[in-house]
Amino acid sequence: MKILVGYKRVVDYNVRIQVKSDGTGVVTDGVKLSANPFDDIALEEALRLREKGIAEEVVVVGIGPADLTAHLRNGLAMGANRAIHVTTTDAVQPLTAARAFLKLVEKEQPGLVLLGKQAIDDDANQTGQMLAALWDRPQATFASKVEIADGKATVTREVDAGLETIEVELPAVVTSDLRLNEPRFIKLPDIMKAKSKPIDVVELASLGVDSGDHLKTTHYAAPAKRSKGVMVKDAAELVAALKQKGLL
Amino acid sequence: MSKILVIAEHLDGKLNSSTARAVSAAVAVKPDAVDVLVLADNVATLAAEAAKIDGVSRVLTVERAENAHPLAAVLAPQIAKAAADYSHVFAPSTTFGKDVTPRVAALLGVAQVSDVMSVESAHTFKRPIYAGNAIVTVEAEPSHTVVATVRTASWPAASAGANSAPVEALALDVTLPSHTRYVGLQSGKSDRPDLQSASKVVSGGRGVGSKENFDIIFKLADKLGAAVGASRAAVDAGYVPSDLQVGQTGKIIAPELYMAIGISGAIQHLTGIKDAGTIVAINKDGEAPIFEIADFGLVGDLFKIIPELEQALG
Ligand SMILES: Cc1cc2nc3c(=O)[nH]c(=O)nc-3n(C[C@H](O)[C@H](O)[C@H](O)COP(=O)(O)OP(=O)(O)OC[C@H]3O[C@@H](n4cnc5c(N)ncnc54)[C@H](O)[C@@H]3O)c2cc1C
Ligand SMILES: Cc1cc2nc3c(=O)[nH]c(=O)nc-3n(C[C@H](O)[C@H](O)[C@H](O)COP(=O)(O)OP(=O)(O)OC[C@H]3O[C@@H](n4cnc5c(N)ncnc54)[C@H](O)[C@@H]3O)c2cc1C
């Protein structure tokens with residue numbers, strides 16, 4: 001079985017994002033970029049399935065500008081067999097990303113597509129579900145456990161009410177939640193080895209994907225700030241303050 | 001002319017309050033109609049409940065055995081079919097809505113607006129990105145169906161009782177897939193208030209130290225009639241189940257009172273409580289970032305302070 005993994009580059013989760021004062025975007029110049037944490041988890045899961053002999057090949061996919069190569073090399077250093085770089089200089093919205101993934105799926109015929117449940121920049125939480133719909137295959141989102149046997153995946157999902165388990169026939173799309181696994185660290189020799197692994201480059205336009213980018217972002221604003229309140233000296237003062245506000 | 005279809009969320013034969021919150025957002029569009037779609041194996045009581053929500057024009061039901069559990073692959077084609085008569089489809093941005101709605105959008109070939117915080121016009125909305133550190137105004141294509149999820153913490157639940165909207169059964173001609181099967185739900189259900197709709201929430205973090213120690217949080221919550229929440233660190237460490245996680249990747253909540261105990265206040269956690277009325281922080285580190293946003297801060301050891309609090313509460 002082949003596994004396709006979404007490997008998106010995002011602003012590192014430790015960066016405190018600043019909105020540009022003219023409202024045209026957020027400051028990304030010189031900001032640290034890293035793999036979307038959910039995609040590291042998706043990749044780790046794919047690698048473990050390969051190590052268990054359930055998968056033979058793990059392919060990481062990135063959609064983005066030319067300088068994505070170094071990021072994809074990290075995915076290869078982590079252990080992916082090869083990478084596909086879909087190039088575009090445009091911002092790509094989830095429906096377009098899903099349509100691009102569908103084209104790759106048709107060509108690569110994976111048994112499983114593993115994506116992150118959300119990318120931590122746009123927090124859209126859409127791409128996996130959209131791909132599953134377009135592909136007319138099952139989806140198992142927010143996975144915290146994945147077991148594969150007999151052409152099926154049994155997936156435990158983190159839902160609001162607790163842990164839901166569903167069974168899906170393969171091929172299918174699974175999206176990772178935080179507790180699926182803990183991704184491995186990249187070791188120096190692996191970075192060297194990754195240099196000789198192949199990265200296929202295809203232009204987004206050449207895939208024949210209709211742009212699904214129909215949302216126009218017209219303005220960026222900083223969120224309303226909560227102001228610092230008061231410090232109380234002990235439990236009794238806290239209870240009195242809350243009572244005074246009518247909260248107790 | 002806008003007509004909005006709101007997808008009802010339910011569990012164990014009861015509507016989730018997220019449904020009435022999504023109705024509030026729909027009403028804010030000032031549409032000609034707000035219809036609620038109930039997909040279930042047994043619709044009668046759910047439909048009756050939905051019909052009472054203020055602002056609802058009609059309740060549409062699809063009763064099928066396949067709709068017993070919320071499987072996105074099964075529900076999405078039915079919703080997409082029902083959406084034909086509507087300008088907008090809204091669902092709550094809960095794990096239910098996040099799972100099924102993008103699948104509906106893709107079937108309709110349209111973009112989705114995730115986590116609507118405010119409605120500016122029928123096609124213009126505000127939504128958070130970067131864990132709520134930026135708020136964007138987005139415009140959906142007016143010639144397309146608007147498919148959106150509603151950030152429940154931004155909207156009060158529409159009140160219920162005065163309305164009695166008509167209920168109609170929908171006959172949808174759609175074949176449903178059999179490739180996805182429900183196995184079970186392991187629910188952390190308790191008699192405590194539900195975390196997503198509670199007016200008071202007491203949350204514990206890594207500072208609580210262990211699963212056993214977390215009892216002190218549960219006890220305080222019970223004393224206050226509050227729901228219990230947790231930081232990711234507390235969930236990862238196994239102190240409490242994952243459905244108690246508050247934050248960017250957990251639940252986004254807006255209680256009147258939120259007490260963060262032994263929680264440092266990482267941005268991913270703060271995203272989940274931005275809309276809380278009053279935030280109380282108890283932390284032994286006076287420099288903890290949580291104090292930057294807390295309305296009331298108390299520096300000290302939680303194991304000493306909580307018993308004192310209980311005493312002061314009487
Ligand atoms: C230079 C640049 C600037 C951008 N500016 C903007 C902007 O101003 N406004 C805006 O709305 N968007 C912008 N984008 C696009 C945006 O970053 C997202 O790619 C897009 O909105 C998809 O949303 P999401 O990643 O939150 O989707 P989600 O549905 O949250 O993503 C879920 C998963 O899908 C997969 N996935 C999604 N996209 C990719 C990808 N590109 N490559 C590999 N895997 C992927 C990953 O596995 C990911 O974890 C920009 C992109 C680039 C490259
Ligand atoms: C992609 C991503 C998504 C994430 N999503 C979430 C999310 O949804 N929700 C979330 O919460 N986190 C999330 N996180 C994790 C987040 O970054 C923090 O790591 C986490 O919130 C820390 O939890 P904490 O405050 O309990 O632990 P810590 O940061 O370790 O803080 C513990 C606090 O307890 C205090 N303390 C210790 N002992 C005592 C005592 N005896 N009395 C009083 N105070 C004490 C300490 O002073 C400290 O401030 C996410 C991270 C990533 C990368």
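The legends below accompany close-up views of a predicted model.

View 1. Chain B is built from eight helices and 18 strands, and its C-alpha trace spans about 60 × 40 × 40 Å along the principal axes. For a chain of 314 residues, a compact globule would have a radius of gyration near 20 Å, and the value of 21 Å found for chain B agrees with this. Buried residues account for 58% of the 314 residues in chain B. When contacts in chain B between residues at least 6 apart in sequence are considered, 65% of them join residues that are at least 24 apart.

**View 2. The contact between chain A and chain B.** Chain A brings 64 residues to this contact, and chain B brings 71 residues. On the side of chain A that touches chain B, the elements giving two or more residues include the helices α3 (94-108), α4 (127-135) and α6 (235-244) of chain A, together with strands, among them β7 (139-149), β8 (152-159) and β9 (162-169) of chain A. The largest share of this side of chain A, eight residues, comes from β9(A). Sorted by class, the side of chain A that touches chain B has 33 nonpolar, 16 polar and 15 charged residues.

View 3. Four strands lie in the order β12(A)-β10(B)-β9(B)-β8(B) and form an open sheet in which the pairing is antiparallel. The strands at the edges are β12 of chain A and β8 (118-121) of chain B, and each has a single partner strand, so one side of each is left without a neighbour in the sheet. Neighbouring strands of this sheet are turned by 30° against each other on average, with direction ignored. Where the chains meet in this sheet, β12(A) is joined by five bridges to strand β10 (residues 134-139) of chain B, and these two strands run antiparallel. One pair to look for is His219(A), whose bridge partner in β10(B) is Thr137(B).

**View 4. A parallel pairing between the chains.** Here β13(A) pairs with strand β18 (residues 296-299) of chain B in the parallel sense, over two bridges. Within this view, Val230(A) stands opposite Phe296(B), a residue of β18(B).

**View 5. The surroundings of ligand 2.** Ligand 2 is surrounded by 30 residues, of which the closest are Gly205(B), Gly207(B), Arg232(B), Ala233(B) and Gly247(B). Because residues from chains A and B surround ligand 2, the site is shared between chains. The elements that give two or more residues to this shell are α6 (232-236), α7 (267-270) and α8 (302-313) of chain B, and α6(B) gives the most, with three residues. The residues of the shell around ligand 2 divide into eleven nonpolar, 14 polar and five charged.

Notes. Residues are numbered from 1 along each chain as its sequence is written. Chains are lettered from A and ligands numbered from 1 in the order in which they are written. This is a predicted model: local features need pLDDT of at least 70, side-chain atom pairs count only at pLDDT 80 or more; totals for chains, interfaces and linings use all residues. A residue is near a molecule or strand if its C-beta atom, placed from the backbone, lies within 6 Å of it. Ala, Val, Leu, Ile, Met, Phe, Trp, Tyr, Cys and Pro count as nonpolar, Asp, Glu, Lys and Arg as charged, and the others, Gly among them, as polar. Two residues are in contact if their C-beta atoms, placed from the backbone, lie within 7 Å. Two strands pair if DSSP finds at least two bridges between them. Axes are lines fitted to C-alpha atoms, for helices over the stretch in contact, and angles run from 0 to 180 degrees between N-to-C directions. The radius of gyration is taken over C-alpha atoms; the globule rule is 2.2 Å times the number of residues to the power 0.38. A residue is buried if 20 or more other C-beta atoms lie within 10 Å of its own, exposed if 12 or fewer, and partly exposed in between; C-beta atoms are placed from the backbone.
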